Amino acid sequence: MNTHSISRRHFAHLLGIGAATAIVRPRITVATESSTAPAKTKPSIVRLSANENPYGPSAKAHEAMKNAHPLCNRYPDEANDILIDKIAKINNVNRDQIAIGDGSSEILKLCAETFTGPTQGKLIAADPTFEAILEYSKACGADVVKVPLTSSYAHDLEKMGASAQKGLIYICNPNNPTASITPKNDLRDFIAKTSPETMILVDEAYFHYADSRDYESVIPLVKDHLNLIVARTFSKIYGMAGLRCGYCVAQPETIKRMHGFQMWDSVNIMALAAASASLDDVDQVNNGRKMNSEAKSFTLTELDKLGYKSIPSQANFFMFDCNKPVVPIIKAMKDKNVAVGRLFPAYPNHMRLTIGKKSEMESFLSAFKQVIAA
């Protein structure tokens, strides 16, 4: 919606009223114990399959969602504007360089619809990489070209560039499923050399987890490249996978082209409020990195003791070589109530494993040892 019924300042004021309303609203209580014998339930699933954040959104995000309850009868225009302003300020760009999406998946879909198809051009992507945009481009009638990763698990930029003719090049960095990065100098040079007629989408969903000196965001390069789009998400470090909110940074002309394919108000007011509050919570990022690093280090050490080698990870997941086809192992792990990543055909012996809480990683290791001993 483009017609604003209340100002952004008044909207922020209403969020404050929401907080006060929440205090006086009667509590709804539920029984915590039953006089009857508890029903038997299935063991809970240890979910290490979708690269989610096991710790969830920050306390500030939860509070913001609670405060937004009284505003759920309003369209989210003002909340959308507040979030865009914050994202623009953090990334040192103008607000007309930001598009908000229903998760970064909507951003990927918009890019596929805007820049790929029978007349727009091909999609060029790594193999393996996050598959969603490949499917979106196929639905648009575009040819999809898959380029294998290098021996160091980086994007083969030379081959990707050679395959491009207009259309869109998709670079997931850090890459899903390998959690590997493409060196910053290589990526910077590639962007500079690529024809302006070829769009480049760099997906930085896992940006916050990367700590290598050879990694950097390419958002600062957007100002000099009309064909560059950078996608981010609140699903990972901010723990909002179920709320759905993401965004991209590009030049205004590019954003306008994408808006033509986007439905109005695709992000709900609860997600917008939570995302806005999350950007104000520095501890959410720092603590998320720390806990992820500790649980990942523990798991990698234990797998190394068992003789399993992993691809160096710069994300909240990693891939390791099971030394035999992974599909039967995935199925056997599921039977033990541990869900792990799906098959990626380019690496049929590798398992992608999300980093959960340490207790969840201990459950994984216990089940994995049983499976490989069987």
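Here are a few friendly notes on this predicted model.

1. Let's begin with confidence. The chain has a mean pLDDT of 91, with 89% of its residues at 70 or more. Two stretches call for a separate word. Residues 1-6 have a pLDDT below 50, and this stretch makes 14 contacts in the model beyond near neighbours in sequence. The pLDDT is also below 50 over residues 16-39, a stretch with 5 contacts beyond near neighbours in sequence.

2. Next, have a look at strand β3, which spans residues 123-127. This strand is mostly covered, as 4 of its 5 residues are buried.

3. Which strands pair with β3? One is β4 (residues 144-148), which runs parallel to β3 and is joined to it by 5 bridges. To find this pairing on screen, pick Ala 125, which sits opposite Lys 146 of β4. Another is β5 (residues 168-172), also parallel to β3, with 3 bridges between the two strands. Here Leu 123 has Leu 168 of β5 as its bridge partner.

4. Finally, the cysteines. How many disulfides does the structure hold? The count is 0. As a reminder, a disulfide covalently bonds the sulfur atoms of two cysteines. Two cysteines can be set side by side for their surroundings. Cys 72 has a relative accessibility of 46%, so this residue counts as partly exposed. Cys 245 has a relative accessible area of 0%, which means that this residue is buried.

Terms used. Residues are numbered from 1 along each chain as its sequence is written. This is a predicted model: local features need pLDDT of at least 70, side-chain atom pairs count only at pLDDT 80 or more; totals for chains, interfaces and linings use all residues. Side-chain values use heavy atoms; hydrogens and water are left out. pLDDT is the predictor's confidence in each residue, from 0 to 100. Contact means heavy atoms within 4.5 Å. Buried means under 20% relative accessible area, exposed over 50%, partly exposed in between (1.4 Å probe, protein chains only). Two strands pair if DSSP finds at least two bridges between them. A disulfide is a pair of cysteine sulfur atoms within 2.5 Å.
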